[in-house]
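Visitor: Can you walk me through this one? I'm new to reading structures.
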Amino acid sequence: MKKKILLISLALLLIVMGLVLARNTESGSGFLNDELVTLTGHIKNRDAKNTTVSAVDVAWHLDHSLKSINGICEALAQSDPKAYRSNINFARLFVFTWGDFPRGVAKAPKQVLPPTVIHTNDLYQQLQEVRENLKKLEQLEAKAHYKHPYFNVIDKGQTKRFIKIHTRHHLKIVQDILGE
């Protein structure tokens with residue numbers, strides 16, 4: 001009986017580990033298409049604000065998301081795939097498996113903070129840059145990498161997973177601001 005319980009426990013552990021590892025990366029060139037369509041649709045709501053949800057308006061979340069994607073893509077492109085070393089980060093495994101992270105825990109790095117005044121044309125320009133950068137991203141080697149402030153060094157597939165989670169995180173905040 002103990003042996004049977006042990007085998008079942010081991011099998012469940014292997015299944016869970018497989019799910020965790022499978023959700024640790026993103027693949028495919030259209031991995032962010034739906035999010036970009038949603039983001040674009042929210043530009044018209046750029047001035048909406050709900051301080052019970054967020055201290056900043058919709059434009060801030062859109063601008064930050066776009067700056068983040070562009071900055072990360074540029075960092076991946078500048079990396080040396082030969083220098084990549086795989087690593088384990090439990091916070092990353094948890095967040096990538098769960099598919100979201102709690103609000104208000106992390107602070108955005110200075111380089112992806114929106115300006116005081118966000119112009120609509122700048123949002124559209126950044127969106128175009130995102131589309132171009134995502135095309136370039138697909139051409140990069142699998143071991144192109146990015147050093148994330150909380151998740152350590154992540155490869156291209158893991159970075160794509162982070163971009164998707166991060167973008168969805170801010171789109172959820174936008175939806176809450178708008179009461180959707």
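This is a predicted model: local features need pLDDT of at least 70, side-chain atom pairs count only at pLDDT 80 or more; totals for chains, interfaces and linings use all residues.

Visitor: Okay, helix H2. Which residues in it are buried?
Guide: H2 spans residues 33–41, and Glu-35, Leu-36 and Leu-39 are buried there.

Visitor: Why are those on the same side of H2?
Guide: Because they cover an arc of only 100° around the axis. There is a general rule behind this. An α-helix has 3.6 residues a turn, so residues three or four places apart point the same way.

Visitor: And what sits on the face turned away from the buried side?
Guide: Asp-34 and Val-37, which are exposed.

Visitor: What covers the buried residues of H2?
Guide: The cover includes H3, H5 and H6. H5 runs over 120–139.

Visitor: Buried or exposed?
Guide: Ile-43 is buried, because its relative accessible area is 2% and the cut-off for buried is under 20%.

Visitor: What does Ile-43 touch?
Guide: Leaving out residues up to four places away in sequence, Ile-43 touches Leu-62, Thr-120, Leu-123, Tyr-124 and Leu-127. Take Leu-62: it is 19 residues from Ile-43 along the chain, yet their C-alpha atoms are separated by 7.6 Å.

Visitor: Which helices and strands supply at least two residues of the lining?
Guide: H3 (58–78), H4 (90–98), S1 and H6 (156–178) each do. The largest share comes from H3, with 8 residues.

Visitor: How do the lining residues divide into nonpolar, polar and charged?
Guide: There are 21 nonpolar, 11 polar and 4 charged residues in the lining of that pocket.

Visitor: You mentioned S1. Which strand does S1 pair with?
Guide: S1 covers residues 145–148, and it pairs with S2, residues 152–155. The pairing is antiparallel, over 4 bridges.

Visitor: What do S1 and S2 form?
Guide: A hairpin, with 3 residues between the two strands.

Visitor: Which residue is the bridge partner of His-148?
Guide: Asn-152, in S2.

How values were computed: Residues are numbered from 1 along each chain as its sequence is written. Side-chain values use heavy atoms; hydrogens and water are left out. Two strands pair if DSSP finds at least two bridges between them. Ala, Val, Leu, Ile, Met, Phe, Trp, Tyr, Cys and Pro count as nonpolar, Asp, Glu, Lys and Arg as charged, and the others, Gly among them, as polar. Buried means under 20% relative accessible area, exposed over 50%, partly exposed in between (1.4 Å probe, protein chains only). The arc is that of the directions from the helix axis to the C-beta atoms. Contact means heavy atoms within 4.5 Å.
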